[in-house]
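Here is a friendly briefing to read alongside the model. Keep the sequence and the 3D view open as you go.

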Amino acid sequence: MQSWFPFVPESASTLSSDVDALYFYISGVTVFFTLLVSIVVIFFVIRYRRRNPFEIPRPIEGSHKLETLWSVIPLLIAMTIFFWGAKVYFAQYRPAHNAIEVYVVGKQWMWKFQHATGQREINELHVPVGRKVKLIMTTEDVIHDVFVPAFRIKEDVVPGKYTTEWFEATKPGRYNFFCAEYCGMNHSGMRGYVVVMEPTEYENWLSGNAGQTSPAAAGRALYESLGCVSCHGANAEGGRGPALLGVYDSKVVLNNNQTITADEGYIRESILNPQAKIVTGFGPIMPSFQGQITEEQLLQVVAYVKSLSTAKPETPTAKPAPSAKPSATPAR
Ligand code: CUA
């Protein structure tokens, strides 16, 4: 269905109608008052024009009643925009739970996507309809920005940290996405498509592209080859360094008694800058891995640490490799 108003992109996510409604409300209020003020100005110019050169206007004392009225009414209108805007904002920026996670790495001038099940894509992202999809994003060089007009989502992708955004597509189709932060010569070409598929079609697509190492498995290999095992244990059970089992999304107490939530950003920081936040009871002995690991490898190690979480279920659409199917034990 095409949008009912020209110049408005198609509406294809659970967020888009809320964003549109607010947008049209603000536009409507603006147009209404612009017209009202213009008409009144023109009316007064004509009504109170100077009629002869000797006319002396009547002095005006002012009116508290009028001034109160034209202060309070705009305040109330502005507050409706504020509260409505806050509501839409929180719906969009509260992290999504139970979402399909996709890792996104931007670089001049392309987008690399990797699914939790291992499939990789460039400038194209396949997702199922009616499921939340969370993008965990970073960049290898400068700031980029993932903007999907049909979903009304837009978020910067910043070097040195992770940002996230999520959407839930409401109808199958092919939707443009763009880089929305000027990033050099081919900025305008840094674009692609989100392909929204019916769930069964999506499962077929996933299995048709199976056989690639999942980010978590690649992260496990890095965990061993980079020597993390020597302090965090062969099975991440801990040792000279803190245990990593179940750490993701849990509360961690630091040696300055601060409590933080171990999200992707914290895990990333602890690998690159281990001295920044030290878990209480441990010494500052971990070396930095800055420069020894690429953004993609970093995402893989983060994915591995997340996979150690016992509290959260495995990615629901994750298909075990065919050989592992009979013996795969679901996390209980
Ligand atoms: Cu990347 Cu503009």
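Is glutamate 101 buried or exposed? Glutamate 101 counts as buried because its relative accessibility is 12%, where buried means under 20% relative accessible area, exposed over 50%, and partly exposed in between (1.4 Å probe, protein chains only). Please note that this is a predicted model, in which local features need pLDDT of at least 70, side-chain atom pairs count only at pLDDT 80 or more, and totals for chains, interfaces and linings use all residues. Residues are numbered from 1 along each chain as its sequence is written, and side-chain values use heavy atoms, with hydrogens and water left out.

**Overall picture**
- The protein has seven helices and twelve strands; these are DSSP runs (helices H or I, at least four residues; strands E, at least two), numbered from the N terminus.
- Along the principal axes, the C-alpha trace spans about 100 × 50 × 45 Å.
- Buried residues account for 36% of the 332 residues.

**Salt bridges**
- The count comes to 14 salt bridges, each being a side-chain nitrogen of Lys or Arg within 4 Å of a carboxyl oxygen of Asp or Glu.
- Glutamate 101 pairs with lysine 134 in one of these, with the closest N and O atoms 3.8 Å apart.
- That pair links distant parts of the chain, 33 residues apart: glutamate 101 is in strand S1 (residues 100–107) and lysine 134 in strand S5 (residues 132–139).
- Lysine 134 also counts as buried, because its relative accessibility is 8%.
- Arginine 268 and glutamate 295 form another salt bridge, their closest N and O atoms being 2.9 Å apart.
- Arginine 268 lies in helix H6 (residues 264–272) and glutamate 295 in helix H7 (residues 295–307), so this pair ties together parts 27 residues apart in sequence.
- Both arginine 268 and glutamate 295 are buried.
- Salt bridges with shared partners join Glu101, Lys134, Glu264 and Lys306 into one network.
- In helix H4 (residues 215–225), glutamate 224 and arginine 220 are separated by about one helical turn because they are four residues apart, and their side chains meet in a salt bridge at 2.7 Å, N to O.

**A buried glutamate without a salt bridge**
- Glutamate 121 sits in strand S3 (residues 120–122).
- Glutamate 121 is buried but has no salt bridge, and the nearest side chain of opposite charge, arginine 174, is 8.8 Å away; Lys and Arg count as positive and Asp and Glu as negative, while His and the chain ends are not counted.
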